[in-house]
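Colleague: I have not worked with this protein before. Could you put it on the screen and take me through it?

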Amino acid sequence: MGAGVGAARRRRGTTAGLFGAALLVAGTVLTSGGAYAQPSPNPSGHSTEHGEGDDRDGRKGEHGKGDGKPKAGDTATTRSAEQPAGRGAAAPGPTGSAPAPSGSARPAPAPGAVLATVEAGGAAAAPTAQGLQQALATALADKSLGTVTFAVADAVDGQLLYGSGENTPATPASTTKLATSIAALSLIPGDTRLTTRVIKGAEPGTITLVGGGDPTLTALPADQVQIGGQAADADTAPASLDALARQAAAALKAAGITTVKLDYDLSMYTGSPQHKNHDAQNIALVVPLMIDEGKVDPKSRDEAPARVADPAGSAAESFAALLKAQGVTVDGKAKPAAAPAAPGAAVLGRVDSPTVARLVERLLTTSDNQLAEAMARQVALAAHQPAGFEGAATAVTQELAKLGVPMAGVVLNDGSGLNPDNAIPPAVLVRLLALAASDQHPTLRPILAGLPIAGFTGTLGKRYGSGSGAADAAGLIRAKTGTLRGVNTLAGTVVDADGRLLAFAVMTRTTAPADTARAAMDRIAARLTTCGCH
């Protein structure tokens with residue numbers, strides 16, 4: 001056990017080490033068909049341009065604006081250290097490797113690697129409660145953690161191994177996205193795509209832009225779009241508004257039409273579009289039609305980019321401008337449609353998002369609030385609930401209960417974790433992770449694939465560096481981060497010294513600086529990599 005076992009484990013080489021944390025990222029076969037949002041096995045109309053800008057786990061509220069200074073009325077605060085390293089850390093995708101941490105020559109774990117531990121099962125003995133207690137005692141005693149609750153479970157069978165306050169509900173912040181993502185992949189076929197359409201309107205000479213719930217739809221040209229600071233491939237690239245405009249213009253001109261009136265249909269969602277913690281930076285209004293997640297500057301890499309006040313109207317204006325560039329003039333200003341699009345209306349153009357599986361990976365890696373709320377509404381639609389905040393929370397809660405997740409103490413009010421009134425016990429978070437690792441639920445594998453890699457990708461890109469006390473665990477841990485004012489959470493997977501996959505969740509409430517508290521949590525997770533804990 002201890003350092004000797006940890007050293008022996010590292011001698012087993014890169015595959016068991018850095019690559020051991022890269023969990024079943026791509027190539028997962030997901031079933032098609034099913035109820036709800038336009039499954040599209042053939043990505044016709046799906047833009048092949050590179051991915052869209054820099055979405056991260058809330059830029060200010062759930063995670064902070066760049067200056068870290070809360071506005072009056074804000075309930076959440078800074079989370080800048082959760083952002084990807086130098087904006088250069090890529091979301092895991094089906095090909096390529098993420099960049100190494102700044103100043104390091106180590107290659108990042110290959111996102112396409114398959115974790116043998118998950119496939120082979122638990123060959124080694126599981127850690128014991130006594131072993132875990134001894135291993136974690138010093139790290140858990142760090143006063144910067146404040147009030148801390150945690151749970152460690154065997155990811156192979158979900159058995160709780162050790163914890164403290166593990167059944168006590170705590171504010172999850174962005175680890176809420178684990179619940180949203182599990183429900184989404186459980187209810188929605190992973191190869192489903194979200195479709196944005198243009199149809200002939202109800203009135204002569206009118207066309208309607210129909211929002212399909214895809215916030216990643218981009219108006220940027222192919223050579224300017226990025227995801228997490230890097231180019232996307234064909235599987236992760238967002239749909240193109242320009243491609244949609246070209247299709248529509250071609251269809252209109254073929255019919256001899258060069259002037260139209262434009263309206264837009266937002267009927268997919270219901271209820272108020274404004275999040276309780278709306279600040280026009282962490283999150284825009286949640287509507288089914290927007291481009292580049294409602295950012296004022298779609299190429300912005302700010303932690304809390306300014307968002308447009310009217311995402312749907314702005315998207316329609318951009319679409320009108322793109323139509324004009326193709327020789328079709330929009331007469332007057334685009335406006336909301338008077339009624340939902342008729343089911344049989346002629347389609348003039350359509351573009352499709354990346355698959356739901358890829359969208360889930362993206363929202364977890366970058367902790368994307370806008371995308372998480374959109375996915376929560378897709379869960380509501382699949383569960384035949386109203387597609388608003390309340391209906392989405394109900395749908396996620398019900399689906400998790402159907403999966404056997406113990407829901408005592410769980411309170412959900414949104415899909416992103418920006419709402420400080422959410423509550424999830426640590427034991428539930430590790431249960432969600434164990435479900436994703438279970439061979440009974442292969443469609444949940446993108447959950448593991450989307451978890452940021454310690455020291456390399458997404459919201460863990462700047463963590464686990466030199467001086468953190470956890471640098472040796474870089475590449476060995478995948479975990480979802482979460483931060484609200486005074487709240488820091490971390491929930492993920494780790495391969496222990498015996499090669500066994502563990503799930504863990506650490507939830508804190510503290511007055512310590514966020515960076516200090518996060519480093520303390522990272523040391524807890526890092527300690528799990530260095531012992532068998534028997």
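Colleague: Is L484 buried or exposed?

Modeller: L484 counts as buried, at 3% relative accessibility. Bear in mind that this is a predicted model. L484 is found in strand β9, which covers residues 477–484.

Colleague: How far apart are L484 and S174, in sequence and in space?

Modeller: They are 310 residues apart in sequence, and their C-alpha atoms are 8.4 Å apart.

Colleague: Back up a bit. How many helices and strands does the protein have?

Modeller: Twelve helices and eleven strands. The protein has 534 residues, and 60% of them count as buried. Its accessible surface comes to about 18,300 Å², and carbon and sulfur atoms hold 53% of that.

Colleague: And what share of the contacts joins residues 24 or more positions apart?

Modeller: Counting contacts with a separation of 6 or more, 76% are between residues 24 or more positions apart.

Colleague: Let's take a helix. What span should α5 have, and what does it have?

Modeller: Helix α5 runs over residues 241–254, which makes 14 residues. At 1.5 Å a residue it should span 20 Å, and its end C-alpha atoms are 20 Å apart, so the two agree.

Colleague: Which residues of α5 are buried?

Modeller: L241, L244, A245, A248, A249 and L252. Seen down the axis of α5, these fall within an arc of 130°, so they line one face of the helix.

Colleague: Why would residues spaced like that point the same way?

Modeller: An α-helix has 3.6 residues a turn, so residues three or four places apart point the same way.

Colleague: What covers the buried residues of α5?

Modeller: The cover includes strands β3 (193–200), β4 (206–210), β5 (259–265) and β8 (347–355), along with helix α6 (311–325).

Colleague: What is there at the start of α5, and what follows the helix?

Modeller: At the start, a side-chain oxygen of S240 comes to within 3.2 Å of the backbone nitrogen of D242. After the helix comes G256, which has a positive phi, near 80°.

Colleague: Which of its residues are buried?

Modeller: The buried residues of α3 are G131, L132, A135, L136, A139 and L140. Down the helix axis they fall within an arc of 140°, so they line one face of α3.

Colleague: Which exposed residues sit on the face turned away from that?

Modeller: Q130, Q134 and T138. On the buried side, the cover includes β1 (147–154), β2 (160–164) and α12 (514–528).

Colleague: Another topic. Which residues other than glycine have a positive phi?

Modeller: Among them are A280, with phi near 60°, and D292, with phi of about 50°. A280 is in the loop between β5 and α6, and D292 has its place in that loop too.

Colleague: Are they buried or exposed?

Modeller: A280 counts as partly exposed, at 24% relative accessibility. D292 counts as buried, at 2%.

Colleague: How many disulfides are there in the whole structure?

Modeller: A search finds one. C531 and C533 form the disulfide, and their sulfur atoms are 1.8 Å apart.

Colleague: Buried or exposed, those two?

Modeller: C531 is buried, with a relative accessible area of 1%. C533 counts as buried as well, at 1% relative accessibility.

Colleague: Last one. What is T508 in contact with, leaving aside its neighbours in sequence?

Modeller: Beyond four places in sequence, T508 is in contact with L145, T147, V148, G486, V487, N488 and M521. T508 lies in strand β11, residues 501–509. At 4% relative accessibility, T508 counts as buried, because the cut-off is under 20%.

How values were computed
Residues numbered from 1 in each chain as written. Predicted model: local features only at pLDDT ≥ 70, side-chain atom pairs only at ≥ 80, totals over all residues. Heavy atoms only, no water. Helix = DSSP H or I, 4+ residues; strand = E, 2+ residues; numbered from the N terminus. Expected span 1.5 Å × (residues − 1). Buried < 20%, exposed > 50% of the residue type's maximum accessible area, 1.4 Å probe, protein only. Arc of directions from axis to C-beta. Contact = heavy atoms within 4.5 Å. Polar contact = N/O pair within 3.5 Å; in protein donor to acceptor, adjacent residues only side chain to side chain. Disulfide = S-S within 2.5 Å. Areas by Shrake-Rupley, 256 points an atom, 1.4 Å probe, with all protein chains shown as cover.
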